[in-house]
Amino acid sequence: MGSSSSIASSRGDTLETVQPISGHDADPPIKPPKKRRSDAVPPVSEFKYIDQHALTAPKDVTSSVSSLAKYLVKPALDDMEKVRAFYMWITHNISYDAAGFQRDYIGPQDAESVLKMATGVCEGFATLFKELCREVNIPCKKISGFAKSFGHHPEHKFTADEDTDHAWNIVFVKGDWWPIEVTWGTGPIDKNYMFIRQYEEIHFLMDPNLFAIKHFPFMENSLSESAMYQLLRKPISLEEFSKAAVPYNRGIEWGFVSTTHRNHVVDVEMSCEITARCTRAEVQRMMCGLVEENTGKDCCNYVLIRKKDDGGFTVKVTPPRTGNYTLKILGQIDSNCESFHPLTSYFLRCTSCAESVKPYPKHQGLWGVQSNASAYGFQSDFTKTDVVIAKNGAAELIFNARPESDFTVLLKDADDTKDLYKFIMAYSKNGQVHIKCRLPKAGYYSLRLFARNLTTRAPERKHIGSILIQSADAHPDDRPYPKQPGPWGMRAKALQYGFTKDALSNGIFFAEKGEVEIKLPTDWKIDLSLEIVPAEKTNDDTNISVSETDSSVNIRAQFPSQGFYGIKLFAPNSHKEGPERVYLGAFLVDYRKNDKPFL
């Protein structure tokens, strides 16, 4: 399938004249470059003038290859800028002949024909680039070989007795030979065989070790003689090339590498776990796609992505059925950007599955809380938790948070079961937040956290992360909690209405013999009103009273039947605008006859 990093290849092209392996006597010996690209090629910003010159070339200079070359190199200071001008002009003015490629009917691919028609396939692109270089005496060769590009299947094994499917160039600049890919720099063709103009900087003078990921020279039917055109100190074999995993453009640019799975095809028994990292970029967010080959079904809820302490990540795949799957790994280096870039893909051949494979809840990306959680009032210890194992159906998270943190929690499962709020609650105690879950069945759950940014003071709560909960059992206690998205306990706002900090220290109480007494210290008298929130509807009344002194508010309540109850606290709104009452917080009361603590 084509994508933003699919490659406009030319499998089936009829290559015309093949550059002799021995090359011209005047050409420098073909050797690997002495420097890395980062040390040899100037940054893009230094090409600004020559790029602008190439992009604004008038139509009349394209009457011939000679006149075009003469115009493009006018302001160039050296061969590097001349080659840059050729690359920039071709990638922005010559279109890939996707229609001809699909029909397997390719027109003339000599340089003058490609220039006249402004279209071609890889043979024409490489020929035009070579002829432009020849016009200004820059050594350049057209290379034919195999490419992992559009239409390539991971299980295909290249052999020396098949026709080559692609052409590209190597060019001699500033004392070294470098591979260059003008066809792919122009843009891809999609799954509908439509050419997409999409300039790619990455294909301009690549490091040979990166270029060799997708290109394998094979000329004059000689593997040994063609090896030098890889420009590698240790050339790879055709078998190694066939097996190797293939990063997309951003995967190459960001240095994607797996320490566990270097081959494109992965044989899976029950499950597999891929460990990888990006060596040249800090990936902020990750996500994966898993598609079953035979049915095209999306199976991404059988993929678990976790971040490692060293900045890498793991991708665990547990396919629901035997068969073949395509796993695509995507990443993002800017957390403020919504789009993800494909980094690489794997072809999974699953031969056995675990019994009763449980899907993960719907979730995109890495599990855990985003790294800037401190802006939302949470301490850094919270960002280290991404997966929690429940014991006997019960799970608990404890983390430090500022009193003014304003957040809500939501529990989801893979079946998107309704009313799961009945089985989760959070409360504050002594500067810590406790989140407790009583899971109604075995399986995986997503604990989603939404919080208000305390730095920007944005009014809305934002999703800042999700934690995966794995439960092998159902919890024996099916008593529901009252609905309360946020944590139980007094809000920091209560300090403005006369409560002291000690009143914010606890959010949950235990009712002995159905009775509870809550004493809240204050700095002055507060005209407080209460509201009882039972977890389940009941016809019995709850006896509740409140008394106030100059230094405290005392709440007494007697509950008619065992269960969980909420007590919400309100104060009069002293402002003319807004509601009559201001919500200050709520307490959870647990009443059970056996006098055992909740959970």
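Partly exposed, as used in these legends, means a relative accessible area between the under 20% of buried residues and the over 50% of exposed ones. The close-ups below all come from a predicted model.

**View 1. Ala-118, in the loop between helix 6 and strand 2.** Here we look at a residue that is not a glycine and yet has a positive phi, about 60°. With a relative accessibility of 28%, Ala-118 counts as partly exposed.

**View 2. Tyr-193, in the loop between helix 8 and helix 9.** Tyr-193 is another non-glycine residue with a positive phi of about 60°.

**View 3. Helix 7 from end to end, residues 122-135.** From its first C-alpha to its last, this helix of 14 residues reaches 20 Å, close to the 20 Å expected at 1.5 Å a residue. Helix 7 is largely enclosed by the rest of the structure, because 12 of its 14 residues are buried. Among the buried residues are Cys-122, Gly-124, Phe-125 and Ala-126, and the charged side chains of Glu-123, Lys-130 and Glu-131 belong to that buried set too. Once past the helix, you will meet Asn-137, which has a positive phi near 60°.

**View 4. Thr-127 and its contacts within the fold.** Thr-127 sits in helix 7. At 12% relative accessible area, Thr-127 is buried. If neighbours within four places in sequence are set aside, Thr-127 touches Gln-109, Asp-110, Ala-111 and Lys-142.

**View 5. Helix 4 packed against helix 7.** The two axes lie 10 Å apart, and the packing angle is about 150°. Their crossing is right-handed. Helix 4 brings Val-83, Phe-86, Tyr-87, Trp-89 and Ile-90 to the contact, while helix 7 brings Phe-125, Leu-128, Phe-129, Leu-132 and Cys-133. Sorted by class, the residues of this contact are 10 nonpolar, no polar and no charged.

**View 6. Helix 3 packed against helix 7.** These axes are 9 Å apart, at an angle of about 65°. That angle makes helix 3 roughly perpendicular to helix 7. The pair meets in a right-handed crossing. On the helix 3 side you will find Val-65, Ser-66, Leu-68 and Ala-69, and on the helix 7 side Leu-128, Glu-131, Leu-132 and Glu-135. This contact has 5 nonpolar, 1 polar and 2 charged residues.

**View 7. Helix 3 (residues 65-72) beside helix 4 (residues 79-93).** Here the axes come within 9 Å and cross at roughly 120°. With that angle, helix 3 is oblique to helix 4. Helix 3 passes its partner in a right-handed crossing. Leu-68, Ala-69 and Leu-72 of helix 3 meet Ala-85, Phe-86 and Trp-89 of helix 4. The class count for this contact is 6 nonpolar, no polar and no charged residues.

Terms used:
Residues numbered from 1 in each chain as written. Predicted model: local features only at pLDDT ≥ 70, side-chain atom pairs only at ≥ 80, totals over all residues. Heavy atoms only, no water. Helix = DSSP H or I, 4+ residues; strand = E, 2+ residues; numbered from the N terminus. Expected span 1.5 Å × (residues − 1). Buried < 20%, exposed > 50% of the residue type's maximum accessible area, 1.4 Å probe, protein only. Axes fitted to C-alpha atoms, helices over the stretch in contact; angles between N-to-C directions. Parallel < 35°, antiparallel > 145°, perpendicular 65-115°, else oblique. Left-handed = near helix turned anticlockwise from the far one by under 90°. Contact = heavy atoms within 4.5 Å.
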